[in-house]
Amino acid sequence: MAMHPTLGDLLLVLTVYFPDDLSLQRLFYTLAAILSLQAVVQLNRNQRRLPGQRPLTRHQTVTIVPLLGQNMQWGKGHLIVAGCRQCRAVYHVDHVMRPQSPLSSMRVQHLEYETQFLRVSKTENIWVERRVVQFQEAAIFRFKASWQGFADVLNRSFLQDSLHLRDEQSHKLFVEHFTRRLVVAHGLENIFTCAPDPSADNMTKALLGLIGRNQGIVPGSLDHVCIDCAHQKHYRSDNVQDPQLGRTPDDALAEVDDPGALGGGYTVQPLAAGFQAPAPAAAGVQVWVRMAVMDGKTLTHRICAIDRFREPLVNYRLGRFCHLHLENENVCGINTCGRPIAGEGAVTCNLPAHVAIHQAWKQRFGWASFQGVRRGIKKGGPWDPDSQPDQEDAEADLGHTFHARRTYCVQTIQWACGMRIGWGKCYEIESVSQALQLVNFWFPPEEAGPAFIVYDNACKLLAHIVTQNAHDLWLTTTRFVVDAWHYINHRSTDRLCQECQPDLVILERDGTGQMRASRAFNTEVGEQFNAWMDGFESQLRQMTDFNFDFFIHSVMILYKEEVEQRVEGKQRAIPNY
């Protein structure tokens with residue numbers, strides 16, 4: 001184990017390597033010069049590990065920069081930039097600039113993933129120690145803080161009388177940190193590059209081009225297995241033979257692996273071996289089943305006001321249209337009109353009827369925002385929160401384009417233990433066709449799908465699969481069931497709604513020592529995750545489309561790590577799976 005240097009070590013170095021007649025001023029100057037060269041020496045050592053590489057040279061003079069340290073206080077850092085004359089690469093603390101090709105003058109930026117420092121402002125050359133962003137990460141995950149909120153807490157708690165961390169710098173810190181985390185999690189270290197010195201928005205867009213926009217898969221989640229989301233295959237014969245379940249063959253509902261069990265004209269193929277085999281497996285062969293739970297959450301961002309268009313807005317602060325319909329800002333907001341607007345800042349033409357429609361809309365929805373409520377309070381007018389309609393109610397009013405539309409929801413899927421698998425947006429409505437598209441994206445054919453998928457509208461999803469393709473692989477590998485909460489609203493006479501199946505019931509010993517039947521999986525884990533995501537809803541509503549996607553990717557990684565720690569701490573993992 002390495003020992004930390006002590007004062008005695010320093011005295012030994014001074015005694016051995018420095019003459020006695022050397023002045024104190026020259027002594028400290030010499031030590032400072034040696035320390036300033038440490039970064040270049042380390043870079044040279046790294047380069048010598050590669051055959052044929054020449055030593056690095058200092059690219060610029062040593063620069064003193066403001067540095068926010070792990071003690072949440074500002075200090076000074078000595079910044080050194082090194083260069084390689086052979087490959088023309090420039091080595092910074094947190095990234096490397098390399099030519100796009102050997103003969104090209106264009107450069108691309110490669111990130112350093114083990115850096116201890118991150119630059120949050122190019123113009124002011126402000127740096128932050130990596131441990132500070134761990135504080136930001138914890139604030140976001142534990143307290144649902146935004147990057148603006150983190151900057152405010154940091155400034156009020158630690159930086160009252162010094163340089164403040166601005167909101168855009170806090171955002172840059174978040175993007176720099178989570179870009180590295182996501183790149184490493186997806187195994188893209190040797191692939192990801194971006195433009196030199198990118199802004200937070202440009203770095204975000206560059207990463208989303210690799211890991212996915214509008215949808216995503218949490219890396220490593222498909223390989224997760226634990227006691228709470230998987231168990232060994234149970235068979236109907238096991239339940240019938242065990243009298244403690246109190247069932248007879250006549251009580252048991254038809255299974256999907258029984259041909260023709262769906263009724264109503266639906267037929268399915270026999271299930272593939274290893275998923276829901278109708279008979280016990282051969283001796284010595286263990287068959288495992290896993291359950292995934294899918295649910296939607298109303299997390300939205302703004303999109304173009306023109307119906308059926310999903311393009312992002314050009315101006316997320318005050319805009320209403322995407323780049324394809326930007327000229328509509330100069331056209332009356334009433335869809336059937338087409339006349340030019342009355343003047344700058346107007347949204348309708350000068351027809352009194354159209355002006356009256358807009359004024360009525362403003363009176364109804366003008367206060368349906370935080371800023372509107374504040375203006376109303378300052379004016380002294382009464383405000384009844386129950387009387388203010390939800391902004392989303394205006395989406396049913398498709399006769400105008402007075403405001404931007406919104407996406408419908410985010411569909412998520414997770415293992416029954418809570419491990420995130422993936423997510424995707426639903427733009428218009430949470431339809432079964434969109435749900436099927438997302439399921440096919442989350443579980444590609446080369447991946448083993450779950451034995452059960454829980455969905456609040458599973459009966460209609462199953463009917464949609466059958467009508468689209470009666471030989472779809474999903475019908476031979478997976479059982480679609482309705483979660484316990486939504487099942488109470490489904491018809492008991494509809495075979496597609498019936499969820500009872502031997503793999504959903506297990507025997508457990510209660511506190512009195514009696515064996516009792518209980519649910520094998522938590523089918524409400526999706527609803528529980530939705531409740532947890534409520535804290536992010538307000539900040540996500542104000543984000544651009546790419547910041548929205550990046551934030552969801554980042555939160556999914558944090559939640560995945562939390563579940564992994566919980567599974568390990570409670571020893572719920574399945575050994576030798």
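Predicted model: local features only at pLDDT ≥ 70, side-chain atom pairs only at ≥ 80, totals over all residues.
Strands here are DSSP runs of E with at least two residues, helices are runs of H or I with at least four, and both are numbered from the N terminus. Residues count from 1 along each chain as its sequence is written, and side-chain values use heavy atoms, with hydrogens and water left out. Local features need pLDDT of at least 70 and side-chain atom pairs count only at pLDDT 80 or more, while totals for chains, interfaces and linings use all residues.

Strand β15 (residues 409–415) runs antiparallel to β16, with 6 bridges joining the two; strands pair if DSSP finds at least two bridges between them. Strand β10 (residues 215–217) is also antiparallel to β16, through 3 bridges. W423 of β16 turns up in both pairings: T412 stands opposite W423, and G216 has W423 as its bridge partner. As for β16 itself (residues 420–426), 7 of its 7 residues are buried, so the strand is largely enclosed by the rest of the structure. Buried means under 20% relative accessible area, with exposed over 50% and partly exposed in between (1.4 Å probe, protein chains only).

On confidence, the chain averages a pLDDT (the predictor's confidence in each residue, from 0 to 100) of 81, and 77% of the residues score at least 70. Helix α6 (residues 167–185) has the highest mean, at 97, and helix α3 (residues 38–48) the lowest, at 54. Over residues 385–398, pLDDT stays under 50.

Definitions and conventions. Contact = heavy atoms within 4.5 Å.
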